[in-house]
Amino acid sequence: MQRIALHTFYFCNAPARVSTVQLGENLFETMVMFDDGEEIEVFRTSSLGEARAKHNETMLRWNDRLYEGSTAKLLGVANVGQFVTPVVTC
């Protein structure tokens with residue numbers, strides 16, 4: 001299994017991640033999960049380009065979701081991707 005990308009964040013006061021890995025020659029999986037392994041969402045794609053796009057789309061969607069419920073939004077701080085932390089980017 002080869003890691004393609006990884007971003008971490010906190011959801012419901014628990015560490016979570018968006019992780020994309022290559023499972024086989026034409027099989028990639030993007031998963032949103034808590035650090036204990038509990039899955040939140042899973043997507044499968046068949047090419048590296050699709051996997052990268054799905055990872056980035058998923059990461060941005062989660063960042064936006066976290067921003068919408070944040071104190072930062074209430075204070076007028078711009079949403080610049082500050083709610084997810086890149087570990088491995090694609």
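A residue is called buried here when its relative accessible area is under 20%. By that criterion, 36% of the 90 residues of the chain are buried in this predicted model. The chain exposes about 5,400 Å², and carbon and sulfur atoms supply 52% of that area.

As for the overall fold, the chain holds two helices and five strands. Followed along the sequence, these elements are arranged as β-β-β-β-α-α-β. The C-alpha trace spans about 45 × 25 × 20 Å along its principal axes. The radius of gyration is 14 Å, which agrees with the value near 12 Å that a compact globule of 90 residues would have. Among contacts with a separation of 6 or more, 33% join residues 24 or more positions apart.

Which residues of α1 are buried? They are A51, K54, H55, T58, M59, W62, N63, L66 and Y67. The cover over these buried residues of α1 includes the strands β1 (2–11), β2 (14–24), β3 (27–34) and β4 (39–45). Helix α2 (71–74) is also part of that cover.

Turning to charge, the chain carries 8 positive and 11 negative side chains. The centres of the two sets lie 3 Å apart.

Methods
Residues numbered from 1 in each chain as written. Predicted model: local features only at pLDDT ≥ 70, side-chain atom pairs only at ≥ 80, totals over all residues. Heavy atoms only, no water. Helix = DSSP H or I, 4+ residues; strand = E, 2+ residues; numbered from the N terminus. Rg over C-alpha atoms; globule rule 2.2 N^0.38 Å. Buried < 20%, exposed > 50% of the residue type's maximum accessible area, 1.4 Å probe, protein only. Contact = heavy atoms within 4.5 Å. Areas by Shrake-Rupley, 256 points an atom, 1.4 Å probe, with all protein chains shown as cover. Lys, Arg positive; Asp, Glu negative; His and termini not counted. Charge placed at Lys NZ, Arg CZ, Asp CG, Glu CD.
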